[in-house]
Amino acid sequence: MPEILLPIRTDRLVLRRFEGRDLDAFHAYHSLAETARFLPGPAKSYTKSMEYVGKYANFVYEKEGDWLSLAIEAKDEPGLLGEVVLKWLPGRGQAEIGWSTAPQARGKGYATEAAAAVLDLGFGDLGLRRIEARLDELNTASAALCQRLGMRLEARHVDKWFYKGQWATELVYAVLAAEWSRERNPTPGP
């Protein structure tokens, strides 16, 4: 696996390794029920937030099962806005992408911009061939984000997950490297 060069810069964002200074901001939005609604487990305690920030700060991306976990911050205003993650899945060249943002960062296109940068990284430097996103059908904001990225809805698994005391229907969106390349660099028409 090639070395991942950080930070990654986009038009408006910096994607970087987590640091200890991110703990309070991370906990501020991960302790909210609205953030936890579509994530496994309950809203995070401060101790659990410390565990995650420590794990994210020290990620290693060398083998199947590893997670790339990047802090999202605005270029012109340092401070944690959220995170974008890429889990290396079993099977050749496959991964799963995910994201979470603080309330003040939602609705501004930051998660879309960060996810697009991670898809560029995954299909470019990391040489992946397929990246998917798995989400609760009720998470319409993430479904819309997948669609903006040009990801295809591949599956709808009815009542697949039991979490938060109820059954949830899972949606699986995906994009292949060749599709992402065409999406980012469309062939000129006649």
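Which side chain does E170 join in a polar contact of 2.9 Å? I looked it up: the partner is the side chain of R134. For the record, a polar contact is a pair of N or O atoms within 3.5 Å; within protein, one must be able to donate a hydrogen and the other to accept it, and residues adjacent in sequence count only if both atoms are side-chain atoms.

Ground rules I noted: this is a predicted model, where local features need pLDDT of at least 70 and side-chain atom pairs count only at pLDDT 80 or more, while totals for chains, interfaces and linings use all residues. Residues are numbered from 1 along each chain as its sequence is written, and side-chain values use heavy atoms, with hydrogens and water left out.

Back to E170: its side chain also makes a polar contact with the side chain of K160, at 3.2 Å. I checked burial next, and E170 counts as buried because its relative accessibility is 1% (the cut-off is under 20% relative accessible area, with a 1.4 Å probe and protein chains only).

E170 is found in strand β8, residues 166-176 (strands are DSSP runs of E, at least two residues, numbered from the N terminus). I then looked at the pairing: β7, residues 152-163, runs antiparallel to β8, with 8 bridges joining them (pairing takes at least two DSSP bridges). R156 stands opposite L171 in β8. In the β7 and β8 hairpin, 2 residues lie between the strands, and K164 takes a positive phi near 55°.

Methods: Helix = DSSP H or I, 4+ residues; strand = E, 2+ residues; numbered from the N terminus. Buried < 20%, exposed > 50% of the residue type's maximum accessible area, 1.4 Å probe, protein only.
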